Amino acid sequence: MDGSGGGAAAEGDLEAAEKLIMRWDSTASSAADERMIFDGADRSDAERYLRAVDELRRSIKDPVIVGSPRRSSSSSSHSSSENAIQIAMARLEDEFRNLLLTRANEVEVDALVDLSSLSFNCSASMDGYGDLSDAEGGGGGDGGGEGEAFSSDSVGASSSIRRSSIRSTRSIREIDLLPADAVDDLRSIAERMIAAGYGRECVQVYAGARKAAVDVCFRNLGVEKLSIGEVQRLEWDALEAKIRRWIRAARVCVRIIFASERRLCEHIFDGLGIADDAPFIETVKGASIQLFGFAEAISIGRRSPEKLFKILDLHDTISDLLPDIAVVFLSKSAESIYTQATEILSRLAEAVRGILSEFENAVFRDPPKTPVPGGTIHPLTRYVMNYISLISDYKPTLIELIVTRPSASSRFSGDDLAAAGAAVPELDFPVSENQTPLATHLIWIIVVLEHNLESKANLYKDNALSHLFLMNNVHYIVHKVKDSPELREMIGDDYLRKLTGKFRLSATSYQRATWMRILHCLRDEGIHVSGSFSSGVSKSTLRERFKAFNAAFDEAHKTQATWYVPDTQLREELRISISEKLLPAYRSFLGRFRLHIENGRHPEMYIKYSVEDLEIALSDFFEGCAPSLHNRRRSH
């Protein structure tokens with residue numbers, strides 16, 4: 001064919017292309033407006049339309065650099081080809097939007113929550129690219145699914161990104177957000193729009209549609225739009241529930257939603273000349289700011305002891321997600337999101353250190369008010385020991401975060417001491433170089449708790465009850481340490497033995513305060529007399545001794561039955577220890593002097609108890625209630 005014939009053919013192809021474009025002009029034809037070209041029913045329409053666009057582009061030397069195609073489609077200054085291109089771009093924009101909105105796969109949030117917690121050996125991509133990690137230089141799979149939309153060059157470029165992602169983190173779970181054929185069509189449209197100078201419009205449509213899809217996922221996950229002020233004004237119970245929900249949502253958002261959005265963006269736009277990853281950033285930046293804004297509000301909020309464990313949960317979650325965040329937000333334009341996450345992590349770590357210090361001071365400052373009834377375990381003791389038992393559950397994290405040791409000489413400020421109404425306390429604070437700073441802090445908390453308990457013990461008017469109170473509380477501390485292998489390892493056996501010695505000393509001190517006086521009634525001193533008319537025993541002194549013993553034991557029985565030793569084993573051990581001292585002494589005294597009383601008048605007034613009666617009565621002690629009827633003394 002000669003040149004003129006070739007030119008005529010080209011002109012004919014161009015004219016046919018323009019006619020095809022105009023036939024699908026939705027502004028000029030209601031039929032064209034009602035039907036979409038890329039509806040999946042007839043692929044030939046879509047292919048012909050794309051070929052027509054390519055033909056028009058070839059006829060124009062330079063791409064048209066304009067704004068919105070709708071604003072300039074009626075310009076009479078453009079050539080017919082340029083006018084047709086603008087009409088085509090408007091049509092492709094509608095098709096692009098329609099594909100994004102109508103072909104998106106439904107995302108099951110509950111399934112995503114389960115998926116985000118799994119740990120596989122490679123990416124869970126469902127499009128045939130899951131085996132890209134098999135070899136550094138080899139091809140991955142058969143290139144099916146969404147990957148068919150790539151040219152060979154662009155597949156190579158994006159594959160290197162995904163290989164890097166898989167090596168960096170094994171927790172990302174990418175899912176298909178659109179079917180593979182829809183992704184192919186979207187890439188084909190994006191390629192034409194960008195080549196014709198309509199990249200900005202293409203990105204805007206893409207980001208708008210996908211942003212709406214991300215927002216739906218956020219709503220279904222319970223991620224709310226709350227300002228920092230709104231978060232900080234929430235009551236703790238409400239905030240605690242939102243933190244639990246946030247932790248679940250954050251894993252899903254980073255590892256699945258954001259990661260899948262990035263992969264979809266790469267499949268559609270990679271290699272087409274769009275700067276960096278603008279479509280992806282425009283899609284998720286607002287959502288990511290919303291997501292991490294909640295954690296940021298917590299990190300800079302008021303510090304109080306009850307928040308420690310939820311803040312640690314937040315810290316662990318973000319720390320766990322940080323490698324994933326680095327992979328998902330790897331570009332220069334997205335690094336601010338990664339930076340925000342690292343800054344939040346740092347502030348959460350500082351909040352943990354501050355809360356631990358505040359907790360130590362709160363234990364020291366807890367004022368002595370009214371004594372707990374019966375000398376039982378003080379609520380402060382239970383709270384503190386349960387608290388540090390939970391602390392030991394977070395040992396791996398806290399060992400990293402707690403890097404300085406407490407110092408007994410510098411722990412209390414003037415305000416602390418003024419609030420406690422005390423001078424600088426002399427505290428026995430054992431420090432070992434072999435202990436971690438965290439372990440040292442835990443021992444320090446127990447030391448401070450003991451100091452506070454000693455102040456509370458002074459509230460009791462009965463010295464014996466004061467000792468019983470200390471015995472109960474220090475025994476509870478020892479019991480809680482022994483019950484937690486992690487806590488016991490950190491506290492150490494040396495300090496545990498010291499604590500055990502303290503509660504045993506308190507038990508001994510209690511027994512001395514109560515029973516030395518009672519046992520003193522059973523002494524022989526002053527009973528034996530000499531004289532020709534005497535039996536060698538002063539009956540009046542003997543009667544006074546029995547009366548004194550009865551009165552002292554009655555008072556102890558009546559009072560100390562209402563005292564309480566909550567630990568069953570400790571209660572029984574204490575009764576046995578008392579029995580081992582009291583019963584042999586009473587049995588001996590009764591055996592030596594019973595006849596002297598029984599031969600006189602009204603012996604029942606003096607010999608009130610048998611040995612068995614005392615043994616039965618002792619079973620009433622430390623039950624926390626008045627003596628029971630079934631343990632009443634037998635009559636003689």
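Reader: Why does Ile 402 count as buried?

Author: Quick housekeeping before we zoom in. This is a predicted model, where local features need pLDDT of at least 70 and side-chain atom pairs count only at pLDDT 80 or more, while totals for chains, interfaces and linings use all residues. Residues are numbered from 1 along each chain as its sequence is written, and side-chain values use heavy atoms, with hydrogens and water left out.

Now, your residue. Ile 402 counts as buried because its relative accessibility is 4%; buried means under 20% relative accessible area, exposed over 50%, and partly exposed in between, using a 1.4 Å probe and protein chains only. You'll find Ile 402 in the loop between helix 16 (395-401) and helix 17 (414-420). Helices here are DSSP runs (H or I, at least four residues), strands are E runs of at least two, and both are numbered from the N terminus.

So who sits around it? Setting aside neighbours within four places in sequence, Ile 402 is in contact with Arg 353, Leu 356, Pro 437, Leu 438 and His 441, where contact means heavy atoms within 4.5 Å. Take Arg 353: it is 49 residues from Ile 402 in sequence, yet 6.5 Å from it in space, C-alpha to C-alpha. Across the chain, 82% of the contacts with a separation of 6 or more join residues 24 or more positions apart.

Let's step back for a moment. The chain has 24 helices and zero strands, and 50% of its 636 residues are buried.

Ser 579 counts as buried at 16% relative accessibility. Not counting residues up to four places away in sequence, Ser 579 touches Pro 584 and Leu 618.

Leaving aside neighbours within four places in sequence, the contacts of Phe 258 include Val 214, Phe 218, Phe 280 and Phe 329.
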